[in-house]
Amino acid sequence: MARNATEPLDVLIIGGGFAGTAAGVTLARAQRTVRIIDNGKPRNRFSAHSHGIMGRDGASPMELLDQGRDEFIAFGGEVTQNEVTSLEQTGNAWTATTADGQQFPARQILMATGITDELPDVPGLAELWGSRVFHCPYCHGYEVRGRDLAVIGGRNPRFTTHMVHLMRKWTDRVTFFTNGLSLDEADRALFEKRGVALMDATVSRVQPDPESKTGVLVSATDPIEAGDSASTAIAIDQALLDEELQQVRGQTHE
Ligand SMILES: Cc1cc2nc3c(=O)[nH]c(=O)nc-3n(C[C@H](O)[C@H](O)[C@H](O)COP(=O)(O)OP(=O)(O)OC[C@H]3O[C@@H](n4cnc5c(N)ncnc54)[C@H](O)[C@@H]3O)c2cc1C
């Protein structure tokens, strides 16, 4: 029997990426009335392949999401493609309003809106994000293991230096472009001990290496003279959820 649209849902999920959709499947199977509202910008949409997904390594993230959404609908879930622009609480219930003015009352709200990556302001970098430039070696490091990898400094110094050390698990050929980050003597000594090539330079541009499918050419200026350094992939520092960062740290502390 069709549900009365004015009756509050048991759960309204805002955000239908991997987290929101997985929760939706479980809730729909638990016989809750549940709707996902999603505006179609999952974080990994820039990548053609998802890795480290048990049983589906290498699958397209968008195909995985479509399949998850089909399962959700098959178990009775409902989906609205739109953006939630406001959320109001009245008594024990909530009302979400979408950009086109639709209203959705619900007893419970599950926020699964993810995060937005803030990339360093390096020309050419955004265009290669998710195809040749990545932030997570656990997801995309295996495919470029053993090759020349570059790390470009971003706005989170501790994460950047951690990432440089982490990369040594995948290759012994790591180049770190500090890109404005200042390092203390202890950092420098540790990089030297671990065989990391340090470039105290500002990265002026990254571009695809026409000689390879995964390669990137990194151009750096000041204080070293402009020049190109070929790398087979680069990983960059960017804003990560604290939770995800802790997970990375936990797995790599020796
Ligand atoms: C380039 C790249 C490659 C990655 N590769 C891998 C990989 O290989 N393996 C792996 O395990 N992980 C990978 N990740 C990490 C993975 O993308 C995240 O862990 C995952 O997407 C988190 O899922 P989520 O549902 O929390 O957020 P998201 O997937 O970002 O989903 C959030 C959803 O909420 C929607 N939304 C946000 N605000 C609103 C609103 N107001 N109204 C309606 N909808 C809204 C967004 O449009 C989006 O669809 C990668 C990440 C990046 C950036």
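**Around the ligand**

Mentor: This is a predicted model. By class, the shell around the ligand holds twelve nonpolar, 14 polar and five charged residues.

Trainee: Okay, and which residues are closest to the ligand?
Mentor: Gly 15, Gly 17, Ala 19, Asn 44 and Gly 114 are the closest, out of 31 residues that surround the ligand.

Trainee: Which element gives the largest share of that shell?
Mentor: That's α1, with three residues. Both α1 (18–29) and β2 (34–38) supply at least two residues each.

Trainee: And what about the domains, where does the shell draw from?
Mentor: At least three residues come from each of domain 1 (9–111) and domain 2 (125–252).

Trainee: Switching topic: how many residues are in the largest nonpolar core?
Mentor: The largest one has 27 residues, and Val 151, Met 167, Phe 177, Val 203 and Val 206 have the most contacts inside it. The helix α5 gives the most to this core, five residues. There is also a second, separate core of 15 residues, including Ile 13, Ile 14, Ala 28 and Ile 37.

Trainee: One more, Trp 170: buried or exposed?
Mentor: Trp 170 counts as buried because 21 other C-beta atoms lie within 10 Å, and the cut-off for buried is 20 or more.

Trainee: Where does Trp 170 lie?
Mentor: In the loop between α5 (157–167) and β9 (174–177).

Trainee: And what is Trp 170 in contact with, leaving aside neighbours within four places in sequence?
Mentor: Pro 137, Gly 141, Arg 145 and Leu 149.

Conventions: Residues are numbered from 1 along each chain as its sequence is written. This is a predicted model: local features need pLDDT of at least 70, side-chain atom pairs count only at pLDDT 80 or more; totals for chains, interfaces and linings use all residues. Helices (H or I, at least four residues) and strands (E, at least two) are DSSP runs, numbered from the N terminus. A residue is buried if 20 or more other C-beta atoms lie within 10 Å of its own, exposed if 12 or fewer, and partly exposed in between; C-beta atoms are placed from the backbone. Two residues are in contact if their C-beta atoms, placed from the backbone, lie within 7 Å. A residue is near a molecule or strand if its C-beta atom, placed from the backbone, lies within 6 Å of it. Ala, Val, Leu, Ile, Met, Phe, Trp, Tyr, Cys and Pro count as nonpolar, Asp, Glu, Lys and Arg as charged, and the others, Gly among them, as polar. Domain bounds come from an automatic or database domain assignment. A nonpolar core is a set of buried Ala, Val, Leu, Ile, Met, Phe, Trp, Tyr and Cys residues joined through C-beta atoms within 7 Å.
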